[in-house]
Amino acid sequence: MAITLVNLLESQTLRLKAHTDFSAVGQTPIEWAAVTELRDPSPFLSGGEIVLTTGLRQTSIANQENFVQTVHGAGALALGFGTGLSHRGVPAAVIRKCTELGLPVFEVPYETPFMAITKLIADALNADHLLRLERLLKGHQRLASTLLAGGLGDMLRELARMLGTEVILRQFAATIHGPELGIRKWHEVSVASGLRDRCTLYLAEPYQHEALVDYAQGLIGLELANQARLRESTRKVTGQVFADLLAGTLTGHQADARLQGIGVVPSQPHSVVLIAAPAGQEKALRTLPIPPQFEHIISATVDDRLALVVANTDGASLADGINEYLQGAGVIARVSFGGGYTQPNGLRWSFFEAIEALRHGEQLNTPSKLSLTSLLLAARDVPLQALAQEALAPLQAFDTKHSAELLGTLRSYLELDGSVGAVADALGLHRNTVRYRLQQISELSGYDPTTTADRVQLWLALTALDLN
C-alpha cells in the first residue's frame, strides 16, 4: 500500500518533526516527493506530492511566504523543510503561512538526506503497484474462468462482486443482464463487439475507474461476437429446414423429424413472425440479438428475412414485442406475423401469411385471415414462379431497356383497386399516360389488368415475384 504522511512522520529512521497539524491529510497516500530550490516550482508539480526544500533562495519573509503560497496553490500534500544548511530551523514565517493555509509542514533534520525520504516513498509506490498488478492479474483470471465455466451472466455477476457495485449490460434497446436503469446514476462504458449493436456496460455510481473494467470490456465484446457468430450459423441451419419445408420437398415423417430437431412440435400450433430489413441491410438480421424474454423462441434466416417461430396460436404479442424492441434500438425493419396452425403445412401457411402481410408496408403488419393467395403460395406444386416469369419478365425487360415504370405502374394500379385517377395522383402522371402504360402492360404480358380474371393473374404473379 502507498505510504501516507502519518507513516512518513512515524518512521523512526527519518526522525521527521511536524510543525503544524496534519490530521486532515494524514491518511492520504503520498503520490511522490519533489525536491526543489526554485522560487516557483509549480510548473513541475502535479498535486498530491510532498515538496522537499532547504530554503536556499528563501532569504526573506516575503520569499518564504510566497513559496508556501505557490506550493499550496499547486496542490502539494505537505512541505518538508530541510534544516542545517540554509536555515537552522524551519522559519517562523513558513510555519505561520502553512498554518494559515492548512498546509502541513515538517522538519527534515540535517542527518536525514532527502534521498532517504524519496526512496521510502518510491519503495512503497512500487510495492503498491506490484500488489495492484497481482490483484489485477488474479481478477483477469477469475473473470476469464467464470466466463468459460458459467457464461456471460456469471462473469458479470462476478465483476459486480469484485467492484462492489451493480452492473448492467444493455445491447440494442434490451437489458441482457442486471436490473433496469431507473433513475440511479450510472457510469457508461461502451463495448465493441464488431456489430452495430450499441452495446453498453453500466456501472452504478459512485464509481472510480478500475483497470479490471477495461479487461471485462474486452471479454464482453469477444463473448458477444462469439454469440453473434453462433446465432448466424444456427439460423442458417434452421433456415435450411424452413427452406426445404417451404419448397415442398420436406413432407410426412421426415418433415416431423426435422422440425422436432429444431424445436418445433408439429402437433402444436405455431405462428411465424417475420422481420424484413431494407435493401442492403438484410445482413444485420443474421446476427440480430433477440431480447432475453424471447430468447427461447426458434429463429431462422429465410430469404434474407429473420423468421421467428412461437408455439402458440397467435404471433401478435411476439410481433408487437419485437417491433417495440426494434424501434427502441433504432433498427429500421418491418415486422409481420401469420396465424397459428398445426402440422408442417400449417407452418407453411403461417409463413406465407406473414409474407403477404409484409406487403402492407407498415412498421407492424397484421395479416388477414388465411387467404387464397397464402394457400397458393404455400402450395409449391402450383407453378407461381413460372407464372410470374411469363407475365412479368417482359415488363422488367422493357423497364430496363427504356427506363420505364411499367412494373411500378402495375403494382400501384393493383394496390389502388384499379383506379386510373388514383394511380395518376399517386405517381404524378396524366390519366392518359396511365391508360397508355396499362395498354403496354397488356400487350407485353398477355394479361389485361383492366379485366378481373387477368388482374388476379397479375396480382398472383407480383406476389410470387416478391416472395422470390
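A residue counts as buried under 20% relative accessible area, as exposed over 50%, and as partly exposed in between. Asn312, with a relative accessible area of 25%, is therefore partly exposed. The model is predicted, and its chain of 468 residues holds 15 helices and 14 strands.

**Overall dimensions and surface**

- The radius of gyration of the chain is 38 Å, whereas a compact globule of 468 residues would have a value near 23 Å.
- The C-alpha trace spans about 115 × 55 × 35 Å along its principal axes.
- Of the 468 residues in the chain, 46% are buried.
- The chain exposes about 23,700 Å², and carbon and sulfur atoms supply 52% of that area.
- Among contacts in the chain with a separation of 6 or more, 65% are between residues 24 or more positions apart.

**The five-stranded sheet**

- Strands of a sheet pair through backbone hydrogen bonds, in either the parallel or the antiparallel sense.
- An open sheet is formed by five strands in the order E11-E12-E10-E13-E14, with mixed pairing.
- Its edge strands are E11 (298–302) and E14, each of which pairs on one side only.
- Strand E10 (residues 271–276) runs antiparallel to strand E13 (residues 334–337), and four bridges join the two.
- E13 also pairs with strand E14 (residues 364–365), here in the parallel sense and over two bridges.

**Strand E3 and its neighbours**

- Strand E3 (residues 50–53) is joined to strand E2 (residues 33–35) by three bridges, and the two run parallel.
- E3 pairs with strand E4 (residues 78–82) in the parallel sense as well, over four bridges.
- Ile50 of E3 stands opposite Ala33 and also opposite Ala78 in E4.
- In a regular strand the side chains alternate between the two faces of the sheet.
- Both faces of E3 are covered: Ile50 and Leu52 lie on one side, Val51 and Thr53 lie on the other, and all four are buried.

**Asn312**

- Asn312 is found in the loop between strand E12 (305–310) and helix H8 (316–329).
- Beyond its neighbours within four places in sequence, Asn312 is in contact with Pro269, His270, Ser271 and Gly340.
- One of these contacts, Ser271, falls within strand E10 (residues 271–276).
- Between Asn312 and Gly261 there are 51 residues in sequence, and their C-alpha atoms are 18 Å apart in space.

**Leu131**

- Leu131 has its place in helix H4 (residues 114–150).
- The relative accessibility of Leu131 is 31%, so this residue counts as partly exposed.
- Leu131 and Ile183 are 52 residues apart in sequence, with 36 Å in space from C-alpha to C-alpha.

Technical notes. Residues numbered from 1 in each chain as written. Predicted model: local features only at pLDDT ≥ 70, side-chain atom pairs only at ≥ 80, totals over all residues. Heavy atoms only, no water. Pairing = 2+ DSSP bridges. Buried < 20%, exposed > 50% of the residue type's maximum accessible area, 1.4 Å probe, protein only. Contact = heavy atoms within 4.5 Å. Rg over C-alpha atoms; globule rule 2.2 N^0.38 Å. Areas by Shrake-Rupley, 256 points an atom, 1.4 Å probe, with all protein chains shown as cover.
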